[in-house]
Amino acid sequence: RLIFSEVPPIILSQQEQVEPRNWLDIDVIDTTLLDTNVNDLRHSAFNINPFVLNDLKELIITGKRAARRSMLIHRQGNTFSYCQ
């Protein structure tokens with residue numbers, strides 16, 4: 001399902017090549033794999049999740065980027081997720 005219906009999808013022919021992606025200089029932390037079912041309401045509870053809290057602590061204390069922090073694993077491009 002397209003979120004932006006006014007923007008047509010990009011369809012490449014077999015002769016066209018996909019251009020390399022230029023990732024933004026920002027670390028993206030994908031939290032979709034975290035356990036978020038609180039009281040069976042499917043709400044996030046990041047304020048009590050130890051993975052998030054420990055990662056924030058490491059970020060604040062050391063200033064390390066996501067690729068160098070101990071709680072994260074690389075997914076693709078500039079996207080990381082928590083190692084559980």
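User: Is Arg65 buried, partly exposed or exposed?

Analyst: This is a predicted model, where local features need pLDDT of at least 70, side-chain atom pairs count only at pLDDT 80 or more, and totals for chains, interfaces and linings use all residues. Residues are numbered from 1 along each chain as its sequence is written, and side-chain values use heavy atoms, with hydrogens and water left out. Buried means under 20% relative accessible area, exposed over 50%, partly exposed in between (1.4 Å probe, protein chains only). At 39% relative accessibility, Arg65 is partly exposed.

User: Which residues are linked with Arg65 in a network of salt bridges?

Analyst: A salt bridge puts a side-chain nitrogen of Lys or Arg within 4 Å of a carboxyl oxygen of Asp or Glu. Arg65 bridges to Asp25, with the closest N and O atoms 3.1 Å apart. Arg65 also meets Asp27 in a salt bridge, N to O 2.9 Å. The network partners of Arg65 are Asp25 and Asp27.

User: Is Asp25 buried or exposed?

Analyst: Its relative accessible area is 67%. That makes Asp25 exposed.

User: With which residue does Asp55 form a salt bridge?

Analyst: Asp55 is buried, with a relative accessible area of 3%. The closest N and O atoms are 2.6 Å apart, and the partner is Arg69.

User: How many salt bridges does a search of the whole structure find?

Analyst: One joins Arg65 and Asp25. Another joins Asp27 and Arg65. Asp55 and Arg69 form a salt bridge as well. The search of the whole structure finds three.
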